[in-house]
Amino acid sequence: MESINMRRILASGILASALALGACGPVNRGLEAANQPVVTRANYVLDVNPAGLTSAQSPEARRIDGWFAALNLGYGDVVAIEDPMPYGHEDARAAVAAVLADHGLLLSEAAPVTPEAPVNGMMRIVVRRANASIPNCPNWDRISQPEFAGSGMSNYGCAVNGNLAAMIANPEDLVRGQEANSSDARSVTKAIKSYRDTAPTGAGGAIKSESTGGK
């Protein structure tokens, strides 16, 4: 009798533990994953002397080029100039734009707001960079079985959306997609037309054969 009671107590304890574990973690009964990419932004600034930016080959311009290289500047980065005298340093702006062009980017017109203004007589270059990641992944707070709430796993979406966040070239596109720069329908349908106009490889009843020349 004592053995039977002990078994019942043990079974009740295991069941209670399973129910407690099954109730852990967030409940998500929908098809959309709760783990979604989060886009964060960071600003990098460099104050330069506009008087020294006489050309793209000047020492000050070379310093800017080295800074761009250290940041590994690339697609998705936004580069702008914060200048207290926007109409007084056109040559300096042109020199920065020339250095930036060597990295495959164009100078943006609007500069992000920085905490402090540049020192008098200086010009500030601002690089805004976005990063996409999924916080709290991997997430195993909620086990797969037993499941009494009809919820998906807490790790659902971490793999697919994590890969999306890692592969996207410009994380800003996750916030707002690119706008069409042209309304020319021919540009939109160019790839489809090329696919349709290509003749099948077996056209004319001839089958193409290839040989590596071996015997």
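This is a predicted model: local features need pLDDT of at least 70, side-chain atom pairs count only at pLDDT 80 or more; totals for chains, interfaces and linings use all residues.
Residues are numbered from 1 along each chain as its sequence is written, and side-chain values use heavy atoms, with hydrogens and water left out.

**The overall view**

Colour by secondary structure and follow the chain along: the pattern reads α-β-α-β-α-β-β-α-α-α. The protein exposes about 15200 Å², and carbon and sulfur atoms supply 57% of that; accessible areas come from the Shrake-Rupley method with a 1.4 Å probe, and for residues only the protein chains shown count as cover. Of the 215 residues, 27% are buried. Here buried means under 20% relative accessible area, exposed means over 50%, and partly exposed is in between (1.4 Å probe, protein chains only). As for contacts (heavy atoms within 4.5 Å), residues 24 or more positions apart account for 77% of those with a separation of 6 or more.

**Into the core**

Hide the surface and select L53, I64, F68, V79 and I125. Which set do they belong to? They are the residues that touch the most other members in the largest nonpolar core, which has 21 residues. Such a core is a set of buried Ala, Val, Leu, Ile, Met, Phe, Trp, Tyr and Cys residues joined through side-chain atoms within 4.5 Å. Strand 1 (38-48), helix 2 (59-70), strand 2 (78-82), helix 3 (90-101) and strand 4 each supply at least two residues of this core. Helix 3 gives the most, with five residues.

Zoom in on L53 and show what surrounds it. Leaving aside neighbours within four places in sequence, L53 is in contact with residues including V48, I64, A92, V96 and M123.

Next, select W67 and F68. Both are buried. A search of the whole structure finds one aromatic pair, and this is the one: the ring centres of W67 and F68 are 5.7 Å apart and their planes are at 35 degrees, so the pair is tilted. For the rule, rings of Phe, Tyr and Trp (its six-membered ring) pair if their centres lie within 6.5 Å; planes under 30 degrees apart count as stacked, over 60 as edge-to-face and the rest as tilted.

**Salt bridges**

How many salt bridges are there? The count comes to six, with a salt bridge being a side-chain nitrogen of Lys or Arg within 4 Å of a carboxyl oxygen of Asp or Glu. Here are some of them to click on.

- Select E172 and R41, whose side chains meet at 2.8 Å, N to O. E172 is in the loop between helix 4 and helix 5 (185-188) and R41 is in strand 1, so the pair links parts of the chain 131 residues apart. E172 is buried at 16% relative accessible area, whereas R41 is partly exposed at 46%.
- Select R124 and D47, which meet at 2.7 Å, N to O. R124 lies in strand 4 and D47 in strand 1, so this bridge ties together parts 77 residues apart in sequence. R124 is buried at 9%, and D47 is partly exposed at 25%.
- Select D65 and R62, which meet at 3.7 Å, N to O. These two are three residues apart in helix 2, separated by about one helical turn.

Most residues other than glycine have a negative phi, and most peptide bonds are trans. Select N72, in the loop between helix 2 and strand 2: its phi is positive, about 55 degrees, although N72 is not a glycine. N72 counts as exposed at 62% relative accessibility.

Then jump to the loop between strand 4 and helix 4, where N136 lies. N136 also has a positive phi, of about 65 degrees. Step along to C137 and P138: the peptide bond between them is cis, with omega near 0 degrees.

M153 sits in the loop between strand 4 (123-133) and helix 4 (158-167), and is partly exposed at 36%.

Technical notes
Helices (H or I, at least four residues) and strands (E, at least two) are DSSP runs, numbered from the N terminus.
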